[in-house]
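Dear colleague,

My notes on what was found in it follow directly after.

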Amino acid sequence: MRALAYSTLLAGVILGDAFLARAEWQVWTVTDTRRVLREDPAENGVDVRLGAAKNEWESFQILLRSTEPMPAVQVTPGDLTGPEGAVLPAGNAQLYRQHQLHLTIPTYRNEQFRPGWYPDALIPACHPLTGKPLEGHYRAMPFDLPANETHGFWVDLKVPAEAKAGVYRGTYRVTSGDGPSVAVPVELTVWDFRLPDTPTLVTAMGDPVGRLRSYFARRAEQAKEPEPQDWEAVRRQVSELLCQNRINATPPDELIPVAQPDGSFTIPKEKIDAFRKFVDRYHINAYQTPHPSSVVKDPDKQHDRLQAWLWSFDRAYKELDRPQVVFFTYLRDEPNDKEAYQYVQKWGQAVRSARSVVKVMVVEQTWSQDKDWGDLYGAVDIWCPLFSLFKPESAAKRQVLGETIWTYTALCQREPTPWWHTDYPLLNYRVPAWIAWRYRIRGILYWGGMSYWNQVDDPWTQPETLDRRKKNGPLFNGEGSLLYPGRAVGYDGVAPSMRLKALRDSIEDYEYLAILEQRGLAQQAQTIVQPLAESFLHWEKNPQAYAVARRKLADWIVTAGKPASGK
């Protein structure tokens, strides 16, 4: 997104010369994918100009700084009015205040680190499901702005799927209890195509609800706070948040095959029906089936039983009638020795021999770590290498054979890739999807359920989510965590982060490229992507370059044919 550079001196707008002599209040906006730290000086530019497809989220930041304290600061959204009187209601916007974390020690190998207060967690202005005001330890608004500190608000705009294409304009207002008021002009161009409800890019990022259960169990055991009373409501809130950010939610009940007297297995119809409703409600595109070792101890000796178990998923898949959902089993995580390779070879070949819809996913690169271990060819359907271990030539050979490539990041102690840590650039969460599409990588995996808080007491004040310094190891700020416990802001569930929003934008960027690919314009799209996303080791560091490229992609989609649509 493009940052706009204009200067706005707001002192005295309402209170006149007396206020002007006392304080200088500055408000500006940012539309590109970057953070503004508490210590950063004021910038120029209050106008907001955005572009988005139908059925897409688009966001911007409103930043504030004053030479004097400003009490009771609030942001009020306004309707955006477009062609033929069409309106994007103010109620479509979701407002958050950016909560800052104090980082004094860098993540491992972050040579560009500077200590300071980093905005990341997003405090909702209202309850994400009910829309009611929130009363938590942290509150979005009204906010008392301290003197000589930069603080910000995050605005999410949802363009409805049925919105009319064209230019919409409106005004947001920033007010203070005893200070000036400023108008923030917002212009949003809605492009004449629609993003599908179900994302093209697969995400497999774990189950935040499961992590929440562990977190609260620990907190309750330590007598610090009780567990939520309504876990079903927690599941709904988490699933809705993930859906809005185009990330796969985890259904509350697994599809568990039930053994029958004749040796076959079946998945109860009521389970399939409930699963279908979940798929349709939250637009998921992948489901991790139980590991086959839950019913089979030796895949060779019990091959018939394994096959019968897998075939029950085939029947469920057919009855489900949602071909966009990838069924996969997470066979092995990072097989890093000969024994682990032999495990994958044995189990993977056995599962694949059943020719089931259940695909074998292994978190490993497409080339062997050690020739003495052999290779995993013939045992894997979905390869998932680290960003730093992805080799295009090796991956292409597997893709030609019909195998799929996903990718992931975790710790990343090797080459400098777009590492996912709080103190690295926000753009690092947006870049991987561009690189992924270039090499036809179809999925992104992350660990920790996006809620790995095991090593911190309070994620809202402690950024060191993975800290190995006690064992002379490295520190990773924000590792395994893209979410924050919602109770601190007034509800049981999770709150999003700026990093999650940047990841959502990347998934939507991928959709633009997928639409062009579907229309036979992949080569044209590649000319835009290649200069930005050379590899996981080399990519364009200027956030504005991606905004320019995204607009070009949108122009091509609009002029290439009739609007895209989908479910």
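Lys 54 is buried, with a relative accessible area of 14%; buried stands for under 20% relative accessible area, exposed for over 50%, and partly exposed for what lies in between (1.4 Å probe, protein chains only). Asp 192, by contrast, is partly exposed, at a relative accessible area of 34%. The side chains of Lys 54 and Asp 192 form a salt bridge with an N to O distance of 3.2 Å, the term being used for a side-chain nitrogen of Lys or Arg within 4 Å of a carboxyl oxygen of Asp or Glu. Since Lys 54 belongs to strand β2 and Asp 192 to strand β12, the pair ties together parts that are 138 residues apart in sequence.

Please note that this is a predicted model, in which local features need pLDDT of at least 70 and side-chain atom pairs count only at pLDDT 80 or more, while totals for chains, interfaces and linings use all residues. Residues are numbered from 1 along each chain as its sequence is written, and side-chain values use heavy atoms, with hydrogens and water left out.

**Strands around β12**

Helices (H or I, at least four residues) and strands (E, at least two) are DSSP runs numbered from the N terminus. Two strands are taken to pair if DSSP finds at least two bridges between them. Strand β2 (residues 48-54) pairs with β12 in the parallel sense, over six bridges, and Ala 52 stands opposite Val 190 in β12. Strand β11 (residues 166-175) runs antiparallel to β12 and is joined to it by ten bridges. Gly 170 has Val 186 in β12 as its bridge partner, and a hairpin of five residues leads from β11 to β12. Strand β12 itself (residues 181-194) is mostly covered, with ten of its 14 residues buried.

Strands of a sheet pair through backbone hydrogen bonds, either parallel or antiparallel. An open sheet of five strands has the order β1-β3-β10-β7-β8, with antiparallel pairing. At its edges stand β1 (25-30) and β8 (116-124), each with a single partner strand, so one side of each is left without a neighbour in the sheet. On average, neighbouring strands of this sheet are turned by 25° against each other, direction ignored. Strand β7 (residues 93-103) and β8 run antiparallel and are joined by eight bridges; Leu 101 has Tyr 118 in β8 as its bridge partner.

**Further salt bridges**

How many salt bridges does a search of the whole structure find? The search finds 36. One of them joins the side chains of Arg 194 and Asp 197, at 3.2 Å from N to O. Arg 194 counts as buried at 17% relative accessibility, and Asp 197 counts as buried at 17%. Another salt bridge joins Asp 298 and Lys 346, at 3.5 Å from N to O. This pair links distant parts of the chain, 48 residues apart: Asp 298 is in the loop between β16 (286-288) and α5 (303-320), and Lys 346 is in helix α6 (residues 338-353). Asp 298 counts as buried, at 17% relative accessibility, whereas Lys 346 counts as partly exposed, at 32%. A network of salt bridges links Glu 56, Glu 58, Asp 156, Arg 430, Lys 501, Arg 504, Asp 505, Asp 509 and Arg 550.

**Aromatic pairs**

Rings of Phe, Tyr and Trp (its six-membered ring) pair if their centres lie within 6.5 Å; planes under 30 degrees apart count as stacked, over 60 as edge-to-face and the rest as tilted. The count by this rule is 30 aromatic pairs. Among them, Phe 387 and Phe 536 have ring centres 4.7 Å apart and planes at 5°, so the pair is stacked. Phe 387 lies in the loop between β19 (382-383) and α7 (392-400), and Phe 536 in the loop between α10 (522-532) and α11 (543-560), 149 residues apart. Both Phe 387 and Phe 536 are buried. One aromatic cluster is formed by Phe 387, Phe 390, Trp 420, Tyr 429, Tyr 439, Tyr 446 and Phe 536.

**Helix α9**

Of the 21 residues of α9, 19 are buried, so the helix is largely enclosed by the rest of the structure. Just after α9, Gly 520 takes a positive phi of about 80°.

With kind regards

Technical notes:
Axes fitted to C-alpha atoms, helices over the stretch in contact; angles between N-to-C directions.
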